[in-house]
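Here is a short report on the fold of one protein chain. Please keep the sequence and the model open while reading.

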Amino acid sequence: MALMAGMIRRLDETVVNRIAAGEVIQRPANAIKEMMENCLDAKATSIQVSVKDGGLKLIQIQDNGCGIRKEDLDIVCERFTTSKLQTFEDLTSISTYGFRGEALASISHVAHVTITTKTSDGMCAYRASYSDGKLKAAPKPCAGNRGTQIVVEDLFYNVATRRKALRNPSEEYAKILEVVSRYAVHNSGISFSVKKQGETVADVRTLSNATTVDNIRSIFGNAVSRELIEVGCEDEILAFKMAGYVTNANYSVKKCTFLLFINHRLVESSALRKAIETVYAAYLPKNTHPFLYISLEIAPQNVDVNVHPTKHEVHFLHEDSILERVQQHIESKLLGSNSSRMYFTQTLLPSITASSADVVKPASSSSTNQGIKDKVYAHQMVRTDSRDQKLDAFLQPANKSNTSGPVTEESNNKKACEESGPQDAEMEECIDFNVRAIGAEVVEKPEGSSERQWMSPEDTPARKKHRIDDDMEIEEEAKRDLTAACTPRRRIINLTSVLTLQEEISNQANANLQEMLHNHSFVGCVNPQWALVQYQTKLYLLNSTKLSQEMFYQILVYDFGNFGVLRLSEPAPLYDLAMLALENTESGWTEEDGPKEGLAEYIVEFLTKKSEMLKDYFSLEIDEHGNLTGLPLLIDSYIPSLEGLPMLILRLATEVNWDEEKECFESLSKECAMFYSIRKQYIMDESDLNGEQADESGPSKHSWKWTVEHVLYKTFRTYLMPPKKFTEDGTILQLANLPDLYKVFERC
């Protein structure tokens, strides 16, 4: 049977339009891209996008551009109707996003479209609905702002196959966010926002006054923005200009983010991507990629924009030469930024498997154990032991000749006590006598001085002064509970609120962090707030301020009612301290709070009423005249910075919950712990001291660095139970790990 030739028929116009629409509008993100480019052509400065079900159910895009004339609403959704060009030759100098007039027409053939628009000279807005490119009814006048709002409903309602292929709304919404984010980065002078219908918070939002770097930071995060290098070059011969931002060698991810705009049009170029990634291959680890934002401006007559239905590809003259020029410029920028490398860490648990003593093998037994135990490789060895003594322990100056008379008397008393024998009763009598005779004296500093004095072990009493009340039960067995200064005789506190606070501390403790602090080796102080320690093969950066604050809080809770007293050499008037605090901007005082004098008098009266409880439970002594005479002695050889005393008095009166017992003890302990913690703002570095101040400090006074290492971190080893939150809030950061460093150097 002979084959019959098929009959060629002219397709129906509706079929033609739907085929064309399927090429231009492949998914909701394409529709938003086309409409967003129309907004930019209309000189809009604010573009707001709302979607529902990934854009399949609803797309609403609103701008504040020039709007559409009422006369043009009849044909605005017909194919090949545009205000961008008139002749074919205009394509050679096209500078707008749109030019074919197919976007709205294609959308109207596969969805229900409603347009509300108002021009700057229009008396009112007009609303019109469209289907298959045709106007359903005459435009109706309505209220509206200047600009255009386009609502697209039920996208692909008449293309069942396409609708089924786009069944994942979350994936479509992600693609919408991606395309809007790229245009937001490129158009830094325009405000963009994208959100789901009904939501109040936008998933992408940029401001009209934000810079390109601000937009990159807002959309892609700080990790990208802090590593950006600005690039830019120009070549008159090739008639192009390049600008943008790329990341340096410190940033690398598994997937490349490449934002390419040619003549402000979002396009793709695999050739340019490969050329730039070839440059980065010499700087980044294998299979990692950079972040790239490149904007090329090429002479319009050298660009062919009409090569793809969705316009995401363009062709231009001298492509190879331009790519080579861009590649050379980016390589020169990377070479200039490679003088240093920056490493950022994430908070990690110490991952404790064994103590340092278990990891280090003694040299004497290495030969006998060689055949039994596995060999310890160099990158697994721990080269320090927290129990080893450091060389600087032998370099501490002798201060005995510089001690004052009373301290000499204290030393003699100590010596007499030591020679009297090991009897506990005699020792306790001797120590108590010594404390009563000498006290824990704090030397007041001149007004305005920020220098602090540290009490050395020779200058401080050997024990705390403890009060014993008849109505308190006394422990028979001598024991130390938390602080180094506790005496064998303690009164037992059976208050439910205090026991609850102690249980909370115990439940929140992290055993891994406690093990790390117990066996760490102190490396050095970065500043009063941060210090470096080593544990096994890891190097950690610790927040000394937060650690000391937590430790003093735990001491105040566990040693509740069992503190010694730091006696002030002269009583400090609460009124003067309150006035100093109110003068400080940190207090937050405003004129609406009333006169400072009245507030200071209230603070004095309030704390004086609470003096009995403060003295009994916290050894915070206030006399009947409203003077502060004593502070609690929490650990030996440590005196808090008295510059923070005014704020302590103010916060005790304003920040402590005095109504509930548990909340009162908890908040009061936290305020005192904040005062006792080592804080950077109250410490002057030795390099800032002049000669006279250095002489005043005297050779017998230790620096803050000595106190941090030999007092605070020594106490951390034994008494601090670090909570779990320290692994998440940046208090303890792992900087380096020896096995990981070996991997880095092996690559080199």
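## Overall build

Among contacts between residues at least 6 apart in sequence, 71% join residues at least 24 apart. Contact means heavy atoms within 4.5 Å. The chain has 24 helices and 24 strands. Helices (H or I, at least four residues) and strands (E, at least two) are DSSP runs, numbered from the N terminus. Of the 748 residues, 46% count as buried. Buried means under 20% relative accessible area, exposed over 50%, and partly exposed in between, with a 1.4 Å probe and protein chains only.

The model is predicted, so local features need pLDDT of at least 70 and side-chain atom pairs count only at pLDDT 80 or more, while totals for chains, interfaces and linings use all residues. Residues are numbered from 1 along each chain as its sequence is written, and side-chain values use heavy atoms, with hydrogens and water left out.

## Strands around β4

Strand β4 (residues 125-131) runs antiparallel to strand β3 (residues 112-118), and 5 bridges join them. Two strands pair if DSSP finds at least two bridges between them. A hairpin of 6 residues links β3 to β4. Thr 117 has Tyr 126 of β4 as its bridge partner.

β4 also pairs with strand β5 (residues 134-135), antiparallel, over 2 bridges. Here Ser 131 is bridged to Lys 134 in β5. The β4-β5 hairpin has 2 residues between the strands, and Asp 132 takes a positive phi near 55 degrees. Strand β6 (residues 140-142) is another antiparallel partner of β4, joined by 3 bridges. Arg 127 is bridged to Lys 140 in β6.

## A mixed five-stranded sheet

An open sheet of 5 strands has the order β10-β11-β14-β12-β13, with mixed pairing. β10 (228-235) and β13 (265-267) stand at the edges with a single partner strand each, so one side of each has no neighbour in the sheet. Neighbouring strands are turned by 20 degrees against each other on average, direction ignored. Axes are lines fitted to C-alpha atoms, for helices over the stretch in contact, and angles run from 0 to 180 degrees between N-to-C directions.

Strand β12 (residues 257-262) and strand β14 (residues 291-298) are a parallel pair with 6 bridges. Within this pair, Ile 262 stands opposite Leu 296 of β14.

## Val 213

Is Val 213 buried or exposed? Its relative accessibility is 19%, so Val 213 counts as buried. Val 213 belongs to helix α6 (residues 212-220). Leaving out residues up to four places away in sequence, Val 213 touches Ser 225, Leu 228 and Tyr 245. Val 185 is 28 residues away in sequence from Val 213, and 8.1 Å away in space, C-alpha to C-alpha.

## An antiparallel four-stranded sheet

A further open sheet has 4 strands in the order β18-β19-β20-β24, with antiparallel pairing. The edges are β18 (521-525) and β24 (732-737); each has a single partner strand, so one side of each is left without a neighbour in the sheet.

β18 pairs with strand β19 (residues 530-535) over 4 antiparallel bridges. Cys 525 has Ala 531 of β19 as its bridge partner. Helix α16 packs on this sheet, touching β19 and β20 (538-543), and its direction makes about 70 degrees with that of β20. Helix α23 (residues 704-719) lies across β18, β19 and β20, at about 150 degrees to β18.

## Two helix pairs

The axes of helix α14 (residues 496-508) and helix α16 (residues 544-558) come within 9 Å and cross at roughly 140 degrees. α14 and α16 are therefore oblique to each other. Angles under 35 degrees count as roughly parallel, over 145 as roughly antiparallel, 65 to 115 as roughly perpendicular and the rest as oblique. Val 498, Leu 501, Gln 502, Ile 505 and Ser 506 of α14 meet Tyr 553, Gln 554, Val 557 and Tyr 558 of α16.

Helix α19 (residues 611-618) packs with helix α21 (residues 661-676) at about 75 degrees, axes 13 Å apart. This pair is therefore roughly perpendicular. Met 613, Leu 614, Tyr 617 and Phe 618 of α19 contact Cys 664, Phe 665, Leu 668 and Ser 669 of α21.
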